[in-house]
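Work through the following exercises with the sequence and the model side by side, taking each solution one step at a time.

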Amino acid sequence: MSLAVVTDSAACLTEPLLRERAIEVVPLHAIPADNGEAATTSRPSVQELVDAYRRAASRAEEVLAIHISSALSGTMDNARIAAAQVEAEYSGRDGRAERRRPQWLRVVDSGTSSGALGLAVLAAAGAHDARRGAALAQASTARSCQLFVVDDLGRLARSGRIDRTTARLDGVLGIRPVLALTRDGIRTLETVRGAARARRHLIAQAVRVAGGTALSGPRHPADPVRLVIQGDDASKLALLETDLRQAMEEAGAKVSEVLTLPVDEATSTHVGPGALGIAVAPDLRAH
């Protein structure tokens with residue numbers, strides 16, 4: 001059995017990673033500001049998704065599509081429509097001969113985005129069939145966490161991605177919330193004052209997710225994790241990686257890999273310049 005994996009640009013995977021694993025990507029679109037309006041984004045069209053699923057189906061027996069959380073984007077709505085259209089083409093309902101067995105094309109709502117989505121896609125790409133790939137992706141996202149801090153809450157507020165309480169922090173002198181992406185959307189883990197402290201607390205939250213600390217009693221051996229760091233400033237990313245690795249080592253977390261991924265254009269539209277992100281997910285490659 002052969003498997004082709006499709007995702008969207010919110011996974012933020014680099015071209016070498018995509019080529020190495022033959023992953024198909026459908027772009028989310030950034031729409032520039034116009035006539036005083038704020039920049040915004042749009043989901044991939046149904047036709048773009050149909051074309052991607054067809055290309056994947058042409059080179060594999062099964063197709064698995066893993067997309068950005070439905071709490072953040074309407075991509076999943078279009079993905080389901082596109083999948084139904086492609087399945088109809090291959091089932092003979094449009095006059096073509098049946099060429100695929102049932103359940104050969106699966107569409108999964110990852111419940112996440114950015115680095116955590118990228119790690120789930122990479123986990124799935126190592127599978128031999130869509131059922132196993134979907135299970136690996138879901139296992140990754142169920143135990144992963146996407147953490148981030150931003151310089152400007154206004155962008156997230158204007159797009160409705162943060163609640164009013166968090167949005168009110170924008171403009172309060174030096175206040176920086178440490179944010180986490182959940183299946184229900186974005187929530188605040190804690191608020192601190194100052195960019196340097198926010199970065200330290202971002203790292204501390206990642207260490208906790210990685211299993212490197214315990215509140216009391218003996219600590220169970222930590223499972224290996226894969227990490228992603230993201231940002232638009234190379235010097236800040238280098239410092240973040242150094243401090244993150246050191247904190248993980250001191251806390252006893254087992255880190256098998258640290259990937260540096262770009263921030264895709266659509267995500268950047270919402271988080272703005274200066275944002276830093278850390279994704280933590282279990283290393284499922286040996287499973």
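**Exercise 1. Describe the largest pocket: how much space lies in it, and which residues lie nearest its centre?**

Solution. About 420 Å³ of space lies in the largest pocket. Its lining consists of 26 residues, and those nearest the centre are Leu72, Ser113, Thr267, His270 and Val271. A pocket here is an open set of points on a 1 Å grid over the protein atoms alone, where a 1.4 Å probe fits, with protein on both sides within 12 Å along at least five of seven lines, and lining residues have an atom within 4 Å of a point; the volume is the space filled by probe spheres set on the points, which are joined across faces, edges and corners. Next, helix 10 gives the largest share of the lining, four residues.

The model is predicted, so local features need pLDDT of at least 70 and side-chain atom pairs pLDDT 80 or more, while totals for chains, interfaces and linings use all residues. Residues are numbered from 1 along each chain as its sequence is written, and side-chain values use heavy atoms, without hydrogens or water.

**Exercise 2. Which residues is Leu156 in contact with, leaving aside neighbours within four places in sequence?**

Solution. With contact meaning heavy atoms within 4.5 Å, the partners of Leu156 are Phe148, Val150, Arg161, Ile162, Leu179, Ile186, His270 and Val271. Of these, His270 and Val271 also belong to the residues nearest the centre of the largest pocket.

**Exercise 3. Which parts does the aromatic pair tie together?**

Solution. The structure holds one aromatic pair. Tyr90 lies in helix 3 (residues 75-91) and Trp104 in the loop between helix 3 and strand 6 (105-109), so the pair links parts 14 residues apart in sequence.

Notes. Phe/Tyr/Trp six-rings, centres within 6.5 Å; stacked < 30°, edge-to-face > 60°. Helix = DSSP H or I, 4+ residues; strand = E, 2+ residues; numbered from the N terminus.
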